[in-house]
Amino acid sequence: MGKQASRAKSRAETKPAEPAMDVAVGQRLRELRHGANLSLETVAGRSALSVGFLSQVERGLSSPSLRVLATLADVLGVGIAALFGGANASSDAASGIVTRAGERAELKLWRSGISKQLLHPTGTDGKLNLFLVHMEPGGSTGDELYTHDGEEAGLVLEGEMILTVDDETWTLTSGDSFRFASRRPHRFSNPAKRAKAVVLWVNSVT
């Protein structure tokens with residue numbers, strides 16, 4: 001095998017599987033849009049996003065940011081937790097009460113360096129959602145502030161997080177906590193170059 005073929009094989013073997021998550025999220029968004037009887041044009045108008053971009057997201061050809069997903073969840077009348085898909089299959093999850101550590105549904109925003117693990121069974125109705133948010137070094141929701149429905153609070157478990165709400169910015173480290181109305185413009189990031197940040201995050205929706 002030549003060097004070029006060997007390198008190509010190596011890249012194929014190590015290529016991240018994250019785009020499959022984009023496909024799954026896109027399918028879920030399409031399901032929710034159809035369930036709400038909304039056209040792409042209607043969702044585009046309400047979200048200030050283009051029809052072309054939304055079509056790419058639904059087909060898994062574009063990786064949406066957390067800001068985009070929060071905006072679309074608002075338009076579709078659901079919380080972010082609804083984007084994690086259908087109900088868990090285990091008997092514990094079927095009760096709607098217990099989620100085992102190895103059965104957490106995950107929403108991985110790989111281009112943003114942020115992933116959210118759902119700490120309760122998927123497919124359950126409720127206004128309170130609990131997540132474990134992992135931020136890779138440099139992970140960020142982006143430079144643009146965003147808003148969405150509800151209220152949120154959290155506790156930094158590991159690492160460091162920069163949180164901006166309105167025109168104020170804080171640096172939070174392990175043990176620091178926060179709470180604010182989600183309609184206030186906000187963003188967050190992990191400023192560290194090497195260490196990951198882990199945050200226990202609570203979202204409530206109205």
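Predicted model: local features only at pLDDT ≥ 70, side-chain atom pairs only at ≥ 80, totals over all residues.
Residues are numbered from 1 along each chain as its sequence is written, and side-chain values use heavy atoms, with hydrogens and water left out.

The protein contains six helices and nine strands, where helices (H or I, at least four residues) and strands (E, at least two) are DSSP runs numbered from the N terminus. Of its 206 residues, 42% count as buried, a word that stands for under 20% relative accessible area, with exposed meaning over 50% and partly exposed in between (1.4 Å probe, protein chains only).

Three strands form an open sheet with the order 6-5-8 and antiparallel pairing, two strands being paired if DSSP finds at least two bridges between them. Strand 6 (168-173) and strand 8 (186-189) stand at the edges with a single partner strand each, so one side of each has no neighbour in the sheet. Between strand 5 (residues 160-165) and strand 6, which run antiparallel, there are six bridges, and Val165 stands opposite Glu168 in strand 6.

In helix 2 (residues 18-35) lies Asp22, which is buried yet has no salt bridge, the nearest side chain of opposite charge being Arg111 at 5.3 Å. Here Lys and Arg count as positive and Asp and Glu as negative, while His and the chain ends are not counted; a salt bridge is a side-chain nitrogen of Lys or Arg within 4 Å of a carboxyl oxygen of Asp or Glu. Leaving aside neighbours within four places in sequence, Asp22 is in contact (heavy atoms within 4.5 Å) with Val57, Gly60, Ser62, Ser63 and Trp110.

By this rule the salt bridges number seven. One of them joins Arg28 to Glu31, with the closest N and O atoms 3.2 Å apart, and both residues lie in helix 2, three residues apart, about one turn of the helix. Another is formed by the side chains of Arg30 and Glu58 (3.6 Å, N to O); Arg30 lies in helix 2 and Glu58 in helix 4 (residues 51-58), so this pair ties together parts that are 28 residues apart in sequence. Arg30 is partly exposed, with a relative accessible area of 25%, whereas Glu58 counts as buried at 8% relative accessibility. Arg30, Arg33 and Glu58 are linked in a network of salt bridges.
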